[in-house]
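User: I'd like to learn how to read a protein model feature by feature. Could you take me through this one, starting with burial?

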Number of protein chains: 2
Amino acid sequence: MPQPSAPRRNPGRPPRISREEIIEAARRIVTEGGVGRLTMRRLATEVGSTPMALYHHVRDKEELLVLLLDDYAARTLRRSELPAHPRERIVAAATAIHEALVACPWIVEVLTADDLMSTSALWFVEQIVDGLVACGLSLDRAVHGYRSIWYYTAGEIVVRTTAARRRADGDPPTYREQVFADLDSNELPRLAQAADRWGALTAEDTYQDGLRALVDGLLVSR
Amino acid sequence: MPQPSAPRRNPGRPPRISREEIIEAARRIVTEGGVGRLTMRRLATEVGSTPMALYHHVRDKEELLVLLLDDYAARTLRRSELPAHPRERIVAAATAIHEALVACPWIVEVLTADDLMSTSALWFVEQIVDGLVACGLSLDRAVHGYRSIWYYTAGEIVVRTTAARRRADGDPPTYREQVFADLDSNELPRLAQAADRWGALTAEDTYQDGLRALVDGLLVSR
DNA sequence: GAGACTTTCTATACATGTAAGAAAAGTTAG
DNA sequence: CTAACTTTTCTTACATGTATAGAAAGTCTC
């Protein structure tokens, strides 16, 4: 029977760095110089260690980014007063998540990693699922509904911030824009009709419009 | 006045490889060994050239992947008989795009790159926009609606295929799953209630459900 | 034909993520 | 104390994307 109160230390070489230290240092690097400055080597010197030592605390760089995102969410997403009406509560919770993520431009590389599962984000997820249930959906349908909202949200952020970044880089227009300029107005009349406004239209932020549509659609129980 | 019919060749060293050749070779590599096998060096030897020569035909690897995706779309997406009823036409067109992309597991890394703009995909985009207009939306709102559908579609694919890949890798469960196991059922009752089914629920393919909800929502003009 | 100009290709170099294995620094059993 | 064992750290090495500089191979002007 092991003595429970004895401060018996662990065997093995004692660690000189911790996951928390690593994340802290990573956060410093990212907030100062952007996510592009975050390399394993830089991070290692920042915590006073070697690159490979990091890999004992973090599976790989992607996991590091996920941890960083969760850390960010934990300190940004604060539970706030949400509307009482379920439908509006859903919209507000999703919008809160969306705003937090949009304000953090480097996440794009991480969003592909399944849900946003930071403990602090979970409260908002709960609000969404609960709102859907309150509107009459079964629990299963509510979870599926939340997933749809998450797909929409993640897709919006990933697609729009990548596009925005590309615009900011002042890249020469890709051949895609060329394609769009050469539209055949007999074959594709609507697109041709919208062609000149396409760039402006797709740059607009219509997250809430789409979200409301999606939520409305989810709530007309079928 | 330049002689129009003269086969005056271009100045400069004549190219030994073309963008088409490159894409062809890349397709071979990817279909044989997966996208992980596609490196610039391998591609270079495949076309009998050097890595840096590729960069005269392709801006960078990302553009190569985009080209590859368009190439794939061009040979997979065939215009098909779509329902006449506008709402069903929208759903069918989006589903066609979705199915083509899902069948092609390496796209994930590219989907972040704005729209799917392959010429062959544009026809489906046209169907969606036109369907929305036929249901009474203004052209602007229809374009926005299409964008919402695209966000949802891209997000669904990116999130779900990444999750599936991770599952297939047999990774040790990430700390996210740990978080989910430790849910406090007082704080987050709905999530706790769904916790054990969460994995199964989020693995289900509910693309069409969400899509229909979104389209329904878009069509109740507000 | 000689040289200027243009386009494409090649050689070399660097930063990055990370695999593999050895070394270090502890704890525990004898 | 010594030896086995464990955990963490360090060293070295490799594959990859791509920047940079210059060489090669054409056309054009004269």
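Analyst: A residue is called buried when its relative accessible area is under 20%. Keep in mind that this is a predicted model. By that cut-off, buried residues make up 49% of the 222 residues in chain A.

User: What does the accessible surface of chain A come to, and how much of it belongs to carbon and sulfur atoms?

Analyst: The total for chain A is about 11,300 Å², and carbon and sulfur atoms account for 51% of that.

User: Next, the fold. How many helices and how many strands are there in chain A?

Analyst: Chain A has 11 helices and zero strands. Written from the N terminus on, its elements read α-α-α-α-α-α-α-α-α-α-α.

User: How do I read contacts along the sequence?

Analyst: Take the contacts between residues at least 6 apart in sequence, then ask what share joins residues at least 24 apart; in chain A that share is 71%.

User: Which residues of α5(A) and α7(A) make the contact?

Analyst: From α5(A) you have A:P86, A:R89, A:I90, A:A93, A:A94, A:A96 and A:I97, and from α7(A) A:F124, A:Q127, A:I128, A:D130, A:G131, A:L132 and A:A134. Sorted by class, the contact of α5(A) with α7(A) has 10 nonpolar, two polar and two charged residues. As for handedness, α5(A) and α7(A) cross in a left-handed way.

User: At what angle do α5 and α7 of chain B pack?

Analyst: Helix α5 (residues 86–102) and helix α7 (residues 119–134) of chain B pack at about 155 degrees, with their axes 8 Å apart. So α5(B) and α7(B) are roughly antiparallel to each other, and their crossing is left-handed. The contact residues include B:I90 and B:A94 of α5(B) along with B:F124 and B:I128 of α7(B). By class, the α5(B) and α7(B) contact has 10 nonpolar, two polar and two charged residues.

User: And a pair that spans two chains?

Analyst: You read it with the angle and the axis distance again. Helix α11 (residues 207–219) of chain A packs with helix α11 (residues 207–219) of chain B at about 110 degrees, their axes 7 Å apart. With that angle, α11(A) and α11(B) are therefore roughly perpendicular. The crossing of α11(A) past α11(B) is right-handed. On the chain A side the meeting residues are A:G210, A:A213, A:L214, A:D216, A:G217 and A:L218, and on the chain B side B:G210, B:A213, B:L214, B:D216, B:G217 and B:L218. The α11(A) and α11(B) contact has six nonpolar, four polar and two charged residues.

User: Where does A:T206 lie, and is it buried or exposed?

Analyst: A:T206 is in the loop between α10 (189–203) and α11 of chain A. At a relative accessible area of 5%, A:T206 is buried. Neighbours within four places aside, A:T206 is in contact with A:Y152 and B:H144.

User: What about a charged residue such as A:D71?

Analyst: A:D71 lies in helix α4 (residues 61–76) of chain A. Its relative accessibility is 17%, so A:D71 counts as buried. Beyond four places in sequence, A:D71 touches A:I23 and A:R27.

Technical notes. Residues are numbered from 1 along each chain as its sequence is written. Chains are lettered from A and ligands numbered from 1 in the order in which they are written. This is a predicted model: local features need pLDDT of at least 70, side-chain atom pairs count only at pLDDT 80 or more; totals for chains, interfaces and linings use all residues. Side-chain values use heavy atoms; hydrogens and water are left out. Helices (H or I, at least four residues) and strands (E, at least two) are DSSP runs, numbered from the N terminus. Buried means under 20% relative accessible area, exposed over 50%, partly exposed in between (1.4 Å probe, protein chains only). Contact means heavy atoms within 4.5 Å. Accessible areas come from the Shrake-Rupley method with a 1.4 Å probe; for residues, only the protein chains shown count as cover. Axes are lines fitted to C-alpha atoms, for helices over the stretch in contact, and angles run from 0 to 180 degrees between N-to-C directions. Angles under 35 degrees count as roughly parallel, over 145 as roughly antiparallel, 65 to 115 as roughly perpendicular and the rest as oblique. A crossing is left-handed if the near helix is turned anticlockwise from the far one by less than a right angle, and right-handed if clockwise. Ala, Val, Leu, Ile, Met, Phe, Trp, Tyr, Cys and Pro count as nonpolar, Asp, Glu, Lys and Arg as charged, and the others, Gly among them, as polar.
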